[in-house]
Every structure is written in structure tokens, then in C-alpha cells.
Amino acid sequence: MKIARVAAILSAISLASPTSAFITTPAQSRTQITATAGNTYRSYTYLKESTVEEDKNTEVAVDDQQQKEQPPAPDAAGTAVESSIPTKRTTTTTSKITAERIKRVTKERPYPLFLAEKAASILPSFSKSDYYPANKQKERIIVLGTGWGAASFLKTIDCNKYDVTVISPRNYFVFTPMLAGASVGTVEFRSITEPVREINSKVRYLEAAATEVDPKTNTLSCVSIVCEGNSCETEEFQITYDRLVFSVGAQTTTFGTPGVEEYCNYLKQVGDAQQIKNAIVNCFESAGLPNLTEEEKIKELSFVIIGAGPTGIEFAAELLDFIEENGARFYKELLPYVRIKIVEAAPSILRPFEDGMKEEAIRKLTRKIDLEGVPTLQPLEILTNKLVSEVSGNYVYFKDGEKIPYGMSLWAAGIGQLPITTHLVDMLGETEQKGAQEFARGRLAVDPWLRVIGGEGKIFALGDCSCVSNSPMLPATAQVAAQQGEFLGGLLSKDYLIDAMDDKLLPPLRMNPDQSKTIADKIASFAMGDDEIAPPFQYLDLGILAYTGSGSALAQVQIAPGGGLPGDTENWDPVRLQIKGKLGFGLWRSIYLLKMTSPKNAVLVALDWIKVKLFGRDISIL
């Protein structure tokens with residue numbers, strides 16, 4: 001139990017750290033470029049005039065003497081390793097980086113061309129990086145976390161060019177959209193997880209949690225657990241890096257509500273789902289004990305779900321399926337006492353969906369259930385405009401004075417930043433990151449190429465812990481993190497000048513204009529009107545899915561953008577295809593199977609669905 005407790009503590013921590021190359025350039029002037037998205041103003045500093053204007057085949061050299069004087073950096077084991085930064089960089093750039101040029105290339109690429117670019121990116125790439133020869137020491141990349149962003153990055157990064165190390169207290173990726181199903185036994189936990197070493201066998205993995213990041217010394221402080229028999233102790237170490245991919249995600253936030261941390265369950269990790277599964281079965285077993293009154297049975301079988309986003313709604317749908325498909329088999333006499341309450345502070349559920357889709361979800365969730373030998377059931381109720389003020393061991397209290405009893409509660413009402421993210425933001429407080437927090441609001445502000453502002457091009461951030469400076473606030477979804485990870489892996493695998501110049505982040509420039517380009521790169525360059533600058537990250541909204549129970553799901557697919565920007569609620573009106581019912585359910589399952597990290601996971605999940613259909617869900621308490 002001690003081991004499990006220590007592991008749980010570590011899983012709440014996350015990881016980070018940096019090294020730098022010095023490129024000498026003439027003094028350069030700056031300008032402030034302010035972009036607006038809806039009512040949000042985003043300000044970031046770029047170079048107004050770049051004097052990276054050189055004749056062809058001019059060499060921009062690193063100070064060799066400076067590098068010779070620097071001692072080798074130790075690795076995790078304390079062994080000295082040589083610097084991985086090349087001593088020379090060759091560029092043929094002959095153009096100026098102006099504010100107008102930056103504005104042009106960071107503008108959203110036309111939707112038809114962007115779709116063509118994404119389609120072309122699926123094709124196999126035959127372009128090869130020729131800047132880093134085989135005899136060169138590889139740059140060391142540290143990847144923090146094993147979530148969606150990290151997994152996508154590991155699939156696309158060129159390990160022939162970089163020495164990649166993953167640091168996380170969790171040695172596997174988890175397919176989070178199916179945690180709701182795992183929490184009631186629809187799928188097995190191991191079917192939705194994939195070990196990091198199987199995602200990319202060339203990467204090194206360290207089972208540890210980062211505690212501090214020092215961008216000035218490019219050092220990451222970590223803590224790991226070393227066990228001998230039943231005795232465990234923590235061990236601290238430091239590791240340096242040349243580039244840091246910060247993809248630690250976020251944690252569930254309680255908004256300071258008393259009692260949430262003590263009495264509510266979360267649904268973000270495999271351990272959370274396993275705990276919920278045991279709690280559900282425990283509630284039924286406790287309600288079956290003799291000498292309980294009807295009121296006590298209702299209390300034991302009351303499940304309160306706080307938060308009506310996709311997580312809360314899908315868990316409620318899976319719980320309803322468990323009651324409808326397996327409840328009569330195991331707990332027939334207890335089913336009339338079951339109560340499921342979804343609590344939402346907003347006026348409606350599933351805010352990202354259109355109104356018609358929300359109404360369909362409410363209809364399916366509040367459906368009546370007819371089972372042989374059991375009175376007609378309608379166990380689920382949706383409570384909107386309800387603000388939770390406190391949670392105790394037996395009741396959920398609301399600000400309007402009402403309270404409801406519960407046997408198990410789930411908190412799915414929002415996310416907040418991990419301590420390691422807040423720490424890194426503070427460490428960058430003397431840089432432009434401080435001003436960028438006006439729009440980032442606790443996240444790490446990154447430029448259009450996902451470089452952390454103030455990180456000198458050495459630190460990148462993905463997913464829920466980041467905020468892109470030139471676009472409206474992107475949703476905190478797996479889809480965004482996965483696209484960012486894929487983008488960054490491709491960017492670093494190609495030959496672009498990523499580092500800051502004269503302490504300022506310029507758009508990444510091609511080091512070798514003669515290098516072959518993929519079809520996707522050519523389309524992006526054409527769309528930007530620039531052949532030298534790397535295309536910035538652009539999010540492709542593929543739509544959203546939500547399971548609503550009883551073989552029905554919602555699929556809202558964006559097929560064309562609307563006017564304005566996603567952050568502009570008055571003018572943003574994209575064209576969306578709305579699919580629901582059985583057809584939506586088929587699309588939901590098909591997409592989830594296609595998005596699995598490996599064919600093995602897809603087969604295991606499909607077999608789990610067949611097994612549940614034939615034999616029902618397992619109710620063992622493990």
C-alpha cells in the first residue's frame with residue numbers, strides 16, 4: 001500500500017529542463033506586434049529587421065573556443081557527455097525578417113490548401129535531413145510526460161538525429177476517451193494503454209517525476225522511487241538537455257470547493273477508473289446488506305456526477321449501460337433504488353455541441369428503461385444552473401441551500417495547471433513570458449511554432465499546459481495535443497534554425513534551401529507565400545464525439561470553417577455535420593479504433609466489446 005501511495009503522489013507531479021547554443025548576430029531592433037482574437041489581445045515581441053542577411057554559402061559559426069571551455073554535461077547517471085550542439089551552421093538565407101513577413105506567414109492558411117496539406121502529410125516522406133551527419137553527436141531531447149502530445153511527438157521525431165529521453169512517473173500512454181468505459185468494465189484497462197517503449201523503441205525512458213526546471217542552466221531536477229522488497233525510498237537526480245518538450249498535461253481543478261479532494265473521484269488516470277469501478281460495485285454490495293431502510297438504500301445507490309462536459313456525460317452513459325445490460329442479472333432487487341444525477345453550473349450540458357445535439361443527448365440519458373421483473377426505471381436526472389458549495393462524506397451541498405445524498409461522487413468540472421507548469425512560468429518571469437501571461441492565464445505561452453516564449457528556442461510546450469500566442473484559446477482536448485505533438489516532431493526532424501537569435505525568437509528558417517521538401521511542405525509554403533520559413537502550427541478541427549448510451553452517440557464534424565475566429569462567438573459560424581443515434585455510434589467506435597496507438601490495442605478493444613456483449617461486464621472488486 002505504501003508503494004501505491006507514493007506512486008499516486010508522484011503521478012500528480014510533472015517534469016521539465018534546457019541547454020543552449022550561442023549564435024552571434026548584429027544588434028537588432030524590435031517591434032511589438034499585437035494580434036486580436038475576439039476580445040482577447042495577444043502581444044508578443046519579434047525582431048523588426050533581421051540582419052541575418054548573408055551572402056550565399058556564408059557560415060554562421062558558434063564560438064568554438066567558448067564551447068571548448070565549457071565542461072561536458074553529465075547525464076542522468078552522472079557520466080560526462082560531449083556537447084551535442086554542432087560547431088557550424090550553414091545557411092543560404094538572403095532575405096529579411098520583417099514584421100509584415102511574420103504577420104503574413106503566421107496568418108491562418110486557407111482552409112482548402114490546409115486540408116490538402118494535411119492529406120499530403122499522410123503520404124510517406126522521402127526527404128531526409130542532411131544537416132546532421134552520422135558522425136555528429138546527437139542533440140538530447142527530454143520529453144516530459146506520456147500523454148497525447150508526447151505520444152504523437154515520439155511517433156514522428158527522427159531518432160537518427162536526436163537522442164530522445166522520456167521522463168514520466170507513468171511508463172505508458174493511456175487512451176483517455178475510453179476511461180469512462182473502463183470505469184464500468186466495458187473495456188479492460190490494459191486494452192487502452194500502450195507502453196512508451198512500444199510507441200518508439202529507440203527512445204530512452206526514465207521512471208521519475210520532475211520537480212524543478214531551471215531554464216538558465218538547462219537542468220531538470222527529478223525524483224524517482226527505488227524499491228527493494230517491500231521497502232521504498234525516493235532518489236533525486238538532475239539531468240540536462242539540449243531541447244525540452246514540455247507535455248505534462250493538466251490536473252483536475254476543484255475551484256477551491258471544500259471537500260472535493262477528500263470525497264470525490266476523478267477520471268483522468270487508469271487508477272481513477274479502477275477506483276471508480278470498485279466504488280460502483282461497493283455501492284451495490286453495501287445497498288444489499290440486511291436491515292437497511294429504503295432511504296439508506298437510495299443514498300448508497302445515488303451517483304452524483306459534477307460536470308456535464310464530455311467526461312461527465314460519457315461516464316453517466318456507461319453507468320446507465322451497466323444498469324440496463326447487467327444490473328438485472330446481478331442486482332435486480334436493487335435497481336429501483338438507483339439514482340444518477342448530473343450536476344452542471346451552466347444552463348446546458350455539452351457546451352461544445354449544437355443545441356439539437358444537446359437535446360438528443362438529454363433524451364437518451366433520461367430515457368426510461370424497461371427490464372423483465374423490474375418496474376420501469378428512469379434513474380437519471382440532469383440538474384443545470386447548480387453551483388456546488390461543498391462536498392461532505394454523505395452529501396453534496398449547493399449554493400442555493402439544497403443538498404443531495406450520494407454513495408459515490410465524480411468530479412469532472414474543469415482542469416488546472418500542475419505545480420511544475422506554474423514553476424516554469426515563474427522561472428521565466430523575467431522574460432516576455434510574463435507579459436504573455438495576460439492571455440495564457442497560467443499556461444505556458446508559446447509562439448506559433450510551439451516554442452515557449454522566453455525559452456530561447458530550447459523549450460517547447462504541448463497540449464493542456466500550453467497556449468499558442470497567435471490563435472484563440474484552443475480547447476483542452478486530446479485532438480489538439482496530438483496534432484501539436486505530430487507538428488513538433490516533424491518540425492524538429494527537419495533542418496530549421498529553431499534557436500533564438502540575439503535572445504529573440506525569429507521564425508524558424510531553413511538551414512539548407514537545397515534540401516528536398518515533401519508535398520505537404522510545398523503546399524504549406526505556397527499557402528504562406530514563403531519558401532524559407534517553416535509553416536507554423538495550425539489546428540484542424542476534426543469534430544467532437546460523445547457517447548450517450550444504449551448504442552447511441554453524437555458526432556459533430558466540422559467540414560468547413562465559418563467567418564471570424566473561433567474565439568469570436570458572434571461571427572464564428574462553421575459548417576458542421578451532425579450525426580447521432582446508431583450512425584453516430586458506429587462513427588464513434590470506428591474513429592476510436594482508428595485512433596488507437598497500435599493495431600494490438602485496436603484488436604483488444606474490439607474483443608472487449610464482443611466479450612461484454614456475450615458475457616456481460618465483470619464486477620470483481622480488485
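In this predicted model, helix H5 carries a run of buried residues: Trp148, Gly149, Ala150, Ala151, Ser152, Phe153 and Leu154. The helix spans residues 148-156 and is mostly covered, with seven of its nine residues buried. What do the buried residues of H5 pack against? Their partners are strand S7 (139-144), strand S8 (162-168), strand S9 (172-174), helix H7 (196-199), strand S15 (243-246) and helix H15 (478-493).

**The chain as a whole**

Stepping back, the chain has 18 helices and 34 strands. Buried residues make up 52% of its 622 residues. If you look at contacts between residues at least 6 apart in sequence, 70% of them join residues at least 24 apart.

In soluble globular proteins, nonpolar side chains tend to be buried together. Here the largest nonpolar core has 138 residues, and Phe246, Ile280, Phe284 and Phe315 are the ones with the most contacts inside it. Another core lies apart from it and has 13 residues, among them Val343, Phe398, Ile404 and Tyr406.

**A pair of helices**

Two packed helices are described by the angle between their axes and the distance between the axes. For helix H4 (residues 111-121) and helix H16 (residues 519-528), the axes come within 8 Å and cross at roughly 165°. An angle over 145 degrees counts as roughly antiparallel, and H4 and H16 are therefore roughly antiparallel to each other. The crossing of H4 past H16 is left-handed.

Which residues of H4 meet H16? On the H4 side they are Leu113, Ala116, Glu117, Ala120 and Ser121. Facing them in H16 are Ile519, Ala520, Ile523, Ala524, Phe526 and Ala527.

| Residue | Relative accessible area |
|---|---|
| Leucine 179 | 1% |
| Isoleucine 342 | 0% |
| Glutamine 417 | 18% |
| Aspartate 608 | 7% |

Let us begin with leucine 179, which sits in helix H6 (residues 179-182). Setting aside neighbours within four places in sequence, leucine 179 is in contact with Val174, Ile192, Leu267, Lys268, Gln269, Val270 and Ala273. One of these partners, isoleucine 192, is 13 residues away along the chain. The C-alpha atoms of leucine 179 and isoleucine 192 are separated by 8.1 Å.

Isoleucine 342 belongs to strand S18 (residues 339-343). Beyond its neighbours within four places in sequence, isoleucine 342 has contacts with Ile305, Gly307, Ala308, Ile313, Ala316, Leu365, Leu380, Glu381, Ile382 and Leu383. Threonine 384 lies 42 residues from isoleucine 342 along the chain, and their C-alpha atoms are separated by 8.2 Å.

Glutamine 417 is a loop residue, placed between strand S26 (415-416) and helix H13 (419-427). Where does the side chain of glutamine 417 reach? It extends to the backbone oxygen of aspartate 464, at 3.2 Å. Why does glutamine 417 count as buried? Its relative accessibility is 18%, and the buried class covers values under 20%.

Aspartate 608 lies in helix H18 (residues 599-615). The side chain of aspartate 608 reaches the backbone nitrogen of glutamate 188, at 3.0 Å. Glu188 is also in the list of residues that aspartate 608 touches, together with Thr186, Val187 and Ser191, not counting residues up to four places away in sequence.

**Two positive phi values**

Most residues other than glycine have a negative phi, and most peptide bonds are trans. Asparagine 385 has a phi near 55°, a positive value in a residue other than glycine. Its loop runs between strand S21 (380-383) and strand S22 (388-391).

Leucine 450 has a positive phi of about 70°, although it is not a glycine. This leucine is found in the loop between strand S27 (444-446) and strand S28 (459-461). Is leucine 450 buried or exposed? With a relative accessibility of 0%, leucine 450 counts as buried.

How values were computed
Residues numbered from 1 in each chain as written. Predicted model: local features only at pLDDT ≥ 70, side-chain atom pairs only at ≥ 80, totals over all residues. Heavy atoms only, no water. Helix = DSSP H or I, 4+ residues; strand = E, 2+ residues; numbered from the N terminus. Buried < 20%, exposed > 50% of the residue type's maximum accessible area, 1.4 Å probe, protein only. Polar contact = N/O pair within 3.5 Å; in protein donor to acceptor, adjacent residues only side chain to side chain. Contact = heavy atoms within 4.5 Å. Core = buried A, V, L, I, M, F, W, Y, C linked by side-chain atoms within 4.5 Å. Axes fitted to C-alpha atoms, helices over the stretch in contact; angles between N-to-C directions. Parallel < 35°, antiparallel > 145°, perpendicular 65-115°, else oblique. Left-handed = near helix turned anticlockwise from the far one by under 90°.
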